[in-house]
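Look at the sequence and the structure before reading on.

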Amino acid sequence: MNAIELLEQIGVVEPADPEVLDRTAEAVLAVAATEARHGEKATSENGAELFSMRRGVELVRASNSASNKRLRGNRSRGYWLTRVAAVVIVAGAAGGVSTLVQPGSPGGPSPAAAAVLRHLADVAAAQPTPSAPGPGQYLYVDSENAYTDSAFDQPPNGKGSYTVLLPQHRQIWIRPDGSGRLFETFGQPIFLSAQDHADWVAAGSPTISNSPSDDTFGPGGLSARNLSNLPTDPSALAALIASRKIEGGPPGSAEDFTQIGDLLRETDASPALRSALYQVAAGLPGVVDLGAVLDHSGRSGIGLAEVSHGEQFELIFDPQTSALIGEQDTVVGPGVQEPVGTVVGWATYIQSTVVDSTTSTGPGGSAVPLSPSATLAR
Amino acid sequence: MPEGDEEVVGRSDASAPTAFVELFWRHGDAVHAYLVRRTGRQDADDLLSEVWLRAFKGRANYDPRWPDARPWLYGIARHVLLAHWRRSGRPLVPLAEPVALDCWDEVDSRLDATGERARLQRVLATLSTDDREVLLLVTWEQLTPSEVAVALGIPQGTARSRLHRALSVFRREFEDESFVPVRCHPKEA
């Protein structure tokens, strides 16, 4: 049994006590019946009505158990496409470790990376502070990125497993309370190897869904971070990040680096905060300097990365402004099904600005009207 | 073709609110199991009706594009759980970040029963709370990452990258094992 199967097994629980279910159904019915009485179809409030509804519940339940079985039957059939990144566990540990970069010594920061990060911190500190979103305003971020998706035939280790990169154009409008809009359009899937393409054809060339999505969100719907309370003193910020009080997570500098990325990505981190974040990163062991790199759209930048779990997670910064302009994830070690050197994810950040509405892209930018199919997601 | 959940919710509008109870008979068990896995049976029994009353009150927000109501219901159940943990004195994360509080106690006790505790606990402990929540929605509730995104109110890409991270940890720790079977709807094929 593998670890995931074990986890699934732990999740198996005894069904609910029928008495608990009945009690809950009655509570829902009681509230619904109250609303029905106050609605247009006002009916009598006597006990007979409730009694007949109670009988109705039992009938619905009996007929529904059969339809539930049918639904579950459907779920377990056919071709299963996972929306999982390329992390299929390969039987047997691979041979020699091969990395694109030499990780810094575990004991302390890499001197080269630390120097670059301190320089970026100085650049950030010299940037003008843009105005934060005022009441009713949104932070708007426009980016292109791609994630890997893997699919496999049933049984999972049968033929037909393949991986694609799904590029997307992502536009997000977000308020500090987490309300806003997310509009994503997707490009054509990119097969990571000829074998992936052949396996997709062997699987019957199933459609890989890439229809656009356009959703608006109420407060709390999007993952918002209030960064204004964070200290801009590097020591205090480092301690706060390491304590995992900003974001939960395991201990270790690799996670510190991940969280620094999280605080830079689609946020309105001020120049002072960014400067502090770069200084915190400069103190992390394992961060490596990749020198001058190109992001996926061909812009040149400064690459800094951290390697964990066989992948190199790279942040790319604009040398002029020190802003995060891109990211790239590359396979550097065994355990990932793609060969070393395969790019398995990227992001390029095109624009980040404060706007007045969820259709605005800023001064001079063209409006992005809500799609006819746009809905309030939450 | 059975009636989709979105049709049931649609029927339960102002003209026939009691139709909503059909949704309960479809998914009451699943929501109960969600709660049991995270907080134990006794609390689950107590919290179940709160989840469903909130769902009923919020049914106008149901997106008619969702043929399966479970991700939406799990999202509501999660909010009820967070409020419950807050009431029972669990520590809150200081920033206004909608991070899940830990379901660690209950997961811990469930691991005890398997004899594999040390091994799996060690791996789960290396995951962030957010990554673990995504992993558990996929393995326990059998959601697809796009359904996880609905349940947690996060973008699909975020759900996928969290799952990616969580599974990467498993890949690393269990390199001798064969595969990670993650299911999803045939309709996505």
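Arg244(A) follows helix 6 of chain A and has a positive phi, near 60°. The model is a predicted one. Helix 6 itself covers residues 234–242 of chain A, and its buried residues are Leu237(A), Ala238(A) and Ile241(A). Viewed down the axis of helix 6 of chain A, these buried residues fall within an arc of 100°, so they line one face of the helix. An α-helix has 3.6 residues a turn, so residues three or four places apart point the same way. The partners of the buried residues of helix 6 of chain A are helix 7 (253–264) and helix 8 (271–282) of chain A.

Helix 8 of chain A also meets helix 4 of chain A. Two packed helices are described by the angle between their axes and the distance between the axes. The table gives these values for two pairs.

| Helix pair | Axes come within | Crossing angle |
|---|---|---|
| Helix 4 and helix 8 of chain A | 8 Å | roughly 170° |
| Helix 7 and helix 8 of chain B | 10 Å | roughly 120° |

By class, the contact of helix 4 with helix 8 of chain A has 11 nonpolar, 2 polar and 2 charged residues.

Is Pro109(A) buried or exposed? Pro109(A) has 20 C-beta neighbours inside 10 Å, and therefore counts as buried. In sequence Pro109(A) and Ala282(A) are 173 residues apart, while their C-alpha atoms are 6.7 Å apart in space.

In chain B, helix 7 covers residues 129–139 and helix 8 covers residues 145–152. These two helices of chain B are oblique to each other, and helix 7 of chain B passes helix 8 of chain B in a right-handed crossing. Helix 7 of chain B contributes Glu133(B), Val134(B), Leu137(B) and Val138(B) to the contact, and helix 8 of chain B contributes Val148(B), Ala151(B) and Leu152(B). Of the residues in this contact of chain B, 6 are nonpolar, none is polar and 1 is charged.

Chain A as a whole has 8 helices and 12 strands. Of its 378 residues, 39% count as buried.

Methods:
Residues numbered from 1 in each chain as written. Chains lettered and ligands numbered in written order. Predicted model: local features only at pLDDT ≥ 70, side-chain atom pairs only at ≥ 80, totals over all residues. Helix = DSSP H or I, 4+ residues; strand = E, 2+ residues; numbered from the N terminus. Buried ≥ 20, exposed ≤ 12 C-beta atoms within 10 Å, placed from the backbone. Axes fitted to C-alpha atoms, helices over the stretch in contact; angles between N-to-C directions. Parallel < 35°, antiparallel > 145°, perpendicular 65-115°, else oblique. Left-handed = near helix turned anticlockwise from the far one by under 90°. Contact = placed C-beta atoms within 7 Å. Nonpolar A, V, L, I, M, F, W, Y, C, P; charged D, E, K, R; others polar. Arc of directions from axis to C-beta.
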